Amino acid sequence: MSTAPVPILMYHAVGHRPADAAYRLSVSPESFAAQMALLDAHGFTPLTAQELGDAWRGRRVVLPAKPVVITFDDGYEGVHRYALPALVRHGFRSSLFVSTGWLRGPYEGPGAPDTMLDWAQVRELAAAGTEIGGHSHSHPQLDQLDDARLRYEVRHCRELTVGELGSAPVSFAYPYGYSSRRVRQAVRDAGFAQALAVNNCLAARCQGPYALRRVTVRRTTGIGRFERMVENRATRRDFAKDRTLTRGYALLRRSRAAARIPRQIREAAAGRV
């Protein structure tokens, strides 16, 4: 079984003029097509998140010489309009993680940052070989929720996806990349077999199935930097600033979560009551 690190690429919107809220984490259709062509030319074989997880569990999936996982978060309409033709052109598989409350249709709620997929388009992506995974229902910071809301966000997303697609998703991606031991356990209890974070480094089996790391592809990712990412050259240097910000946000989130614990519980834990 190969334990070499694997690049898991994290995309969001693909489009010419995404909304301001989606722009920074978007890529143009031309950039996406060039990146897929580079993967093909360099001999990469795209897998789904499920296939990678199965391989690292020893479940009859043998990793190719140069595996890569192409993932899309949230469920932007441009994934169907622009990304799917490029994926089909190269015979590539991918994984799409949907926030079910952001998709257009009967469960649609507020908060979507741009035009999103509808369920018919999600089904077309699935039929073309895209794994459909969970990304919560309304895209909150899961580690800031109480237990009941956390369970609802994870389970309701899974239940709606089962109802629309007829099969249960087995892969999950944490909104904003944020998780905690409690969040990871909730995802596992809901029936997901693996889950993806961010961290901007390559995924490795030793990270565990519920904390697989990804690298961010954004509007400013030039083809040279993209090549370094997938070939694991200078990734740590390229994403040094991102990781510093991530560590700062983690400390801030933990302090916010602690502030929401009722005072009497904190005092009891400290032995003052």
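## Helix H4 beside helix H5

In this predicted model, let us start with helix H4, which spans residues 78–90, and helix H5, which spans residues 119–127. Their axes come within 10 Å and cross at roughly 20 degrees. Angles under 35 degrees count as roughly parallel, and therefore H4 and H5 are roughly parallel to each other.

The crossing of this pair is left-handed. On the H4 side, the contact is made by Val79, His80 and Leu84, while H5 brings Gln121, Glu124 and Leu125. Sorted by class, the contact of H4 with H5 holds 3 nonpolar, 2 polar and 1 charged residues.

## Helix H2 beside helix H4

Helix H4 also has helix H2, residues 29–41, alongside: the axes of H2 and H4 come within 10 Å and cross at roughly 20 degrees. That angle makes H2 roughly parallel to H4. Here the crossing is right-handed.

Which residues of H2 and H4 meet? From H2 come Pro29, Phe32, Ala33, Met36, Ala37 and Asp40, and they meet Tyr82, Ala83, Ala86, Leu87, Arg89 and His90 in H4. By class, the contact of H2 with H4 has 9 nonpolar, 1 polar and 2 charged residues.

## Looking at H4 from both sides

To follow H4 in the structure, look for Val79, His80 and Leu84 in the contact with H5. Then look for the H4 residues that meet H2, including Tyr82, Ala86 and His90. The handedness is worth a look too: H4 and H5 cross in a left-handed way, whereas H2 passes H4 in a right-handed crossing.

Terms used. Residues are numbered from 1 along each chain as its sequence is written. This is a predicted model: local features need pLDDT of at least 70, side-chain atom pairs count only at pLDDT 80 or more; totals for chains, interfaces and linings use all residues. Side-chain values use heavy atoms; hydrogens and water are left out. Axes are lines fitted to C-alpha atoms, for helices over the stretch in contact, and angles run from 0 to 180 degrees between N-to-C directions. Helices (H or I, at least four residues) and strands (E, at least two) are DSSP runs, numbered from the N terminus. Angles under 35 degrees count as roughly parallel, over 145 as roughly antiparallel, 65 to 115 as roughly perpendicular and the rest as oblique. A crossing is left-handed if the near helix is turned anticlockwise from the far one by less than a right angle, and right-handed if clockwise. Contact means heavy atoms within 4.5 Å. Ala, Val, Leu, Ile, Met, Phe, Trp, Tyr, Cys and Pro count as nonpolar, Asp, Glu, Lys and Arg as charged, and the others, Gly among them, as polar.
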